[in-house]
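Subject: Handing over a structure, with notes on what was found

Dear colleague,

I am passing on the structure below and would be glad if you could read the notes that follow alongside it.

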Amino acid sequence: MYYVNEEQIAARLRFLPTVTKALRALASGAKAGAGEGDAEAGLLTHFAEERALYLAIEAVTDVGSFLIDGFMMRDASSYEDIVDVLRTEGVLPEETAVGLKALVGLRRALTQDYMDLPRNGLRDDLERTAALLERFPPLVTAFIRKELQPFA
């Protein structure tokens, strides 16, 4: 085992409820049709959706990287691989890993192919991502507690 940066993991896990709140607010606005009549408001809403999803991806992959660095002593080869390593090492159950891998799969579109993103194509991901983010911190915390217990 290497050094486990519990402080940085905890900081990111504490931030996830803020992202979840934003995702849920955006999802409820999308269901209500907010901004659809006004092109400028719709564009701003879309950009807010992109940013909230991007922050979710970064927080999850940051936590995953800290866990891998501290416990698993191997490198992930991609963002998707971070989720795969967390699944195979017992941090994430299969269902959560599948959802997080789909989320992380959006990273390329959000960071490199952003010019071609459909302006309403992310709405289905908002509520699904919020639910995943709520499950993620307790799984991480339980894993850390289990792994560090023999060393306490």
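In these notes a residue is called buried when its relative accessible area is under 20%, exposed when that area is over 50%, and partly exposed in between, with a 1.4 Å probe and only the protein chains taken into account. By that scale Met115 is exposed, because its relative accessibility is 55%. Met115 sits in the loop between α5 (107-111) and α6 (123-148), where helices (H or I, at least four residues) and strands (E, at least two) are DSSP runs numbered from the N terminus. Met115 and Pro137 are 22 residues apart in sequence, and their C-alpha atoms lie 32 Å apart in space.

Two points about the source should be kept in mind. The model is predicted, so that local features need a pLDDT of at least 70 and side-chain atom pairs count only at pLDDT 80 or more, while totals for chains, interfaces and linings use all residues. Residues are numbered from 1 along each chain as its sequence is written, and side-chain values use heavy atoms, with hydrogens and water left out.

The helix α2 and what follows it

Helix α2 covers residues 39-72, and its 34 residues should span 50 Å at 1.5 Å a residue, which agrees with the 47 Å between its end C-alpha atoms; the expected span here is 1.5 Å times one less than the number of residues. Just after α2, Met73 has a positive phi of about 50 degrees. Tyr3, in the segment before α1 (6-31), is exposed, with a relative accessible area of 62%.

The nonpolar core

A nonpolar core is taken as a set of buried Ala, Val, Leu, Ile, Met, Phe, Trp, Tyr and Cys residues joined through side-chain atoms within 4.5 Å. The largest one holds 42 residues, and Leu67, Leu86, Phe136 and Val140 touch the most other members. Helices α1, α2, α3, α4 and α6 each supply at least two residues of this core, the largest share, 11 residues, coming from α2.

With contact meaning heavy atoms within 4.5 Å, and with neighbours within four places in sequence left aside, Phe136 is in contact with Leu13, Leu16, Val60, Val63, Leu86, Leu92 and Leu100. Val63, which belongs to helix α2, is buried at a relative accessible area of 0%, and beyond residues up to four places away in sequence Val63 touches Ile9, Arg12, Leu13, Phe136 and Val140. In helix α6, Thr129 is likewise buried, at 3% relative accessible area, and, with neighbours within four places in sequence left aside, is in contact with Leu23, Leu53, Ala56 and Leu103. The C-alpha atoms of Thr129 and Leu100 are 7.9 Å apart, although 29 residues separate the two along the chain.

In α3 the buried residues include Asp81, Ile82, Val83, Asp84, Val85 and Leu86, and the buried residues of this helix pack against α2, α4 and α6. Gly90, which follows α3, has a positive phi, near 90 degrees.

Salt bridges

Side chains of opposite charge can pair when their charged atoms come close. If a salt bridge is a side-chain nitrogen of Lys or Arg within 4 Å of a carboxyl oxygen of Asp or Glu, the count comes to 10. One of them pairs Arg12 with Asp62 at 3.0 Å, N to O, and this pair links distant parts of the chain, since Arg12 is in helix α1 and Asp62 in helix α2, 50 residues apart. Arg12 is partly exposed at 22% relative accessibility, as is Asp62 at 26%.

Lys101 and Asp84 also meet in a salt bridge, at 2.9 Å, N to O; Lys101 lies in helix α4 (residues 94-104) and Asp84 in helix α3 (residues 79-88), so the pair ties together parts that are 17 residues apart in sequence.

With kind regards
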